[in-house]
Amino acid sequence: MRDENRTPRRRVAVIGAGITGPLLSVCLVRLGFEVDLYEAYVRRAQDVGSFLNLAPNGRAVLERLGLADRVLEQGVPAGSIAFANHRGRALVRNPERTTNIMRGELSGALREAATDSGVKLHTAKRLVALAENHDGDWRLGFEDDTHAEADLVLGCDGVNSTTRRLLLPDAPRPAYTEVVGSGGRARLGASELPVDGRFHMVFGLRGFFGYQVVSPGEVWWFENHQETDERSFAELAAIDDARWVAALADRHRPDPAVVRRILNASTGPVGRWPVHEVPPLRTWHRGSAAVLGDAAHAVAPHLGAGAALGMEDAYELALALYEHPTPQRAFTAFEESRRERVEAMAKQARQTGAVMTPDKWITRVIRDLMLPMAIKQGVRKGTEAYSYRPSPWPVRTG
Ligand SMILES: Cc1cc2nc3c(=O)[nH]c(=O)nc-3n(C[C@H](O)[C@H](O)[C@H](O)COP(=O)(O)OP(=O)(O)OC[C@H]3O[C@@H](n4cnc5c(N)ncnc54)[C@H](O)[C@@H]3O)c2cc1C
């Protein structure tokens, strides 16, 4: 039963403590909401050993909230992104400043910021059921047979979102992008590669490779390549790290020697994933529940945009819930303001992906002819994509 002294529609259940969820929770608590954050894992296997590149628009959200230094403390700034082709020829340099950071570190720092703000974090709580009560609030069921209640449910549970499936059962399922991504660390001799503050990207003949030398001898790398037949996360995870890396090194045999050098010097766990995207959803909400971040619009990873988009979502949805008198009005305003941006990013990511990981030789020939022009255009579009800046944070009124 609802506590009559409580401000109506103030108890929020946020599902998923990856990136979008903890940041949304911080924003909501600061705006006077009471937030429970539910996370399926203590630490996700997918987060181990892999990093992501946080775009300037994501950093801008963290700065607006005064969290950038703290949350990105374990990150490594990249002063520019340098693109080269499979012959090692420099193509173009994107002068944007970005930050590379281990996924687990980013998520962990955001969770810590959330709990320090007063968010109640519950780990090992996998949402499995969601029922709307007569008065429009929600009963949540978890895998461990426990339950909770909330006025609002906000699903930040990623590309395979359970919240989305329970809330919007007719929504299209995530689609395999025919790309497999991997990421890890390598240890080289201290003077083998310079610590040049650049994020290097190589358009290999049969795969796309990126790396940054983060300190003398330590390199973070990622790789994306095309695989038409989908292998599940579990199937990929079952492959021994050394075998996986050796196969990648073989795939990159025609490319600049530095790619194989880094792959062959890999140490520690190597993350790998079949990559999915969420096709456009007709709506992102029902009643007083909604999905956001990857749960609403996971885009292919080729732009390195998903985490920053999730951060934008978190900020914008919190403000909408603060400003609008009902959650439904807030959700409608949020969707109207966000849909065009995320759909444009999804399209751009798909186009970039087609250039990055072509499987047919003829596509590769055309790509190599078009690459310098396509990359320059991509950098221009990327700059537009990065240009989001959050509106001022409203004065807290209670
Ligand atoms: C190969 C690859 C490379 C990428 N590289 C970049 C990059 O360089 N830069 C970038 O910005 N983005 C990148 N992305 C995208 C980025 O990882 C996502 O956009 C981002 O993680 C989305 O954050 P999120 O919080 O919405 O979802 P997630 O990070 O997926 O978090 C979802 C959370 O919900 C939890 N969860 C799931 N189900 C349940 C449940 N039923 N109950 C409770 N909790 C649940 C999960 O355990 C997880 O912690 C990449 C993605 C891939 C696949």
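**Exercise 1.** Is Arg70 buried, partly exposed or exposed, and what is its relative accessible area?

*Solution.* The model is predicted: local features require pLDDT of at least 70, side-chain atom pairs count only at pLDDT 80 or more, and totals for chains, interfaces and linings use all residues. Residues are numbered from 1 along each chain as its sequence is written, and side-chain values use heavy atoms, with hydrogens and water left out. Buried denotes under 20% relative accessible area, exposed over 50%, and partly exposed the range in between (1.4 Å probe, protein chains only). With a relative accessible area of 32%, Arg70 is partly exposed.

**Exercise 2.** Identify the salt-bridge partner of Arg70 and locate both residues.

*Solution.* A salt bridge places a side-chain nitrogen of Lys or Arg within 4 Å of a carboxyl oxygen of Asp or Glu. Arg70 pairs with Glu112, the closest N and O atoms being 3.6 Å apart. Helices are DSSP runs (H or I, at least four residues), numbered from the N terminus. Arg70 lies in helix H3 (residues 68-71) and Glu112 in helix H4 (residues 103-117), so the pair links parts of the chain 42 residues apart. Glu112 is partly exposed, at 46%.

Definitions and conventions
Helix = DSSP H or I, 4+ residues; strand = E, 2+ residues; numbered from the N terminus.
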